[in-house]
Structures are given as structure tokens and as C-alpha cells.
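Reader: Please take me through one part of this protein slowly. Pick a single residue, look at its surroundings, and then widen the view.

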Amino acid sequence: MTQQNELQNEPIHAASVGKRMLQGAGIAFILISAFLLSAGEPDPSWPRLWMLKPLLIVPLAGALGGVFYFNMDHLRYQGGWRKILANIVSLLVYILVLWLGTVLGLNGTMWD
């Protein structure tokens, strides 16, 4: 007489939030590393370890974008137009957060 909902036993998220954070941070780290390596000679007025700030802040911003992607899974698994919307919004938010992290990380050095 008792009915069990089989959906309660299945997890919504295919991957953990930590994995999504590492993916977002990894992409951000690769992008900011490529940008910094192509920057050329630093200005002598910048601090000695000026690269540490963007190399820490930008991956943190990427990890935040990964958390947003993880939180959009409830829409993604509904399928149809909601999946497309969730993917587009996740990409736009990731780009926005990455851009803000890059500006914050490079503030005071490359972007005065």
C-alpha cells in the first residue's frame, strides 16, 4: 500500500560541487596564466610578486562560476528549453564572474 518515489533515491547532481569548483578554477587559472605569460616585462614600480594576486583571485572567481553552474543543475535536468536556458545563463554568469575576477586581480598592476 505504500508507494515509493524512485526519484528520491537518484541524485540530481552528476558531479559534486567540489568537482565543478575545480573545473571552473582550472579554466580560469589556465586563462589568466596565458594572459600573464604573454604580458611581457613588468613595470618596475609594481610589487615584486605582482603575479600572485591575479593567480589567486581569478581562479577563486572561476570556482564561484563553477558553483553557479552546479546550482543550475535543477533546471538542466528538466530538459527542453530549460536545459538550453540553464547552459546559456551559466556560461554568461561564468564569463561575467571571470571578467570581474580578472579586473580585481589585475587592479594596481596591469590595470591602474
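Author: Start with S90, which touches F68, Y69, M72 and R76, leaving out residues up to four places away in sequence. Touching, or contact, means heavy atoms within 4.5 Å. The model is predicted, so local features need pLDDT of at least 70 and side-chain atom pairs pLDDT 80 or more, while totals for chains, interfaces and linings use all residues. Numbering starts from 1 along each chain as its sequence is written, and side-chain values use heavy atoms, without hydrogens or water.

S90 lies in helix α4, residues 81-106. A helix here is a DSSP run of H or I with at least four residues, a strand a run of E with at least two, and both are numbered from the N terminus. S90 is buried, with a relative accessible area of 4%. Buried means under 20%, exposed over 50%, and partly exposed in between, with a 1.4 Å probe and protein chains only.

The charged end of R76 sits over the ring of Y69, 3.9 Å from the ring centre. For that label, NZ of Lys or CZ of Arg must be within 6 Å of the ring centre and within 35 degrees of the ring normal.

Helix α1 (residues 17-37) packs against helix α2 (residues 52-71) at about 140 degrees, with axes 7 Å apart. Among the residues making this contact are A28, F29 and I32 of α1, and V58, Y69 and F70 of α2. The contact residues divide into 15 nonpolar, four polar and one charged.

T102, like S90, has its place in helix α4. T102 counts as buried, at 15% relative accessibility. K53 is 49 residues from T102 along the chain, yet their C-alpha atoms are separated by 9.9 Å.

Step back to the whole chain. The protein chain has four helices and zero strands. From the N terminus on, the elements run α-α-α-α. Buried residues make up 29% of the 112 residues. Of the contacts with a separation of 6 or more, 72% come from residues 24 or more positions apart.

Technical notes. Axes are lines fitted to C-alpha atoms, for helices over the stretch in contact, and angles run from 0 to 180 degrees between N-to-C directions. Ala, Val, Leu, Ile, Met, Phe, Trp, Tyr, Cys and Pro count as nonpolar, Asp, Glu, Lys and Arg as charged, and the others, Gly among them, as polar.
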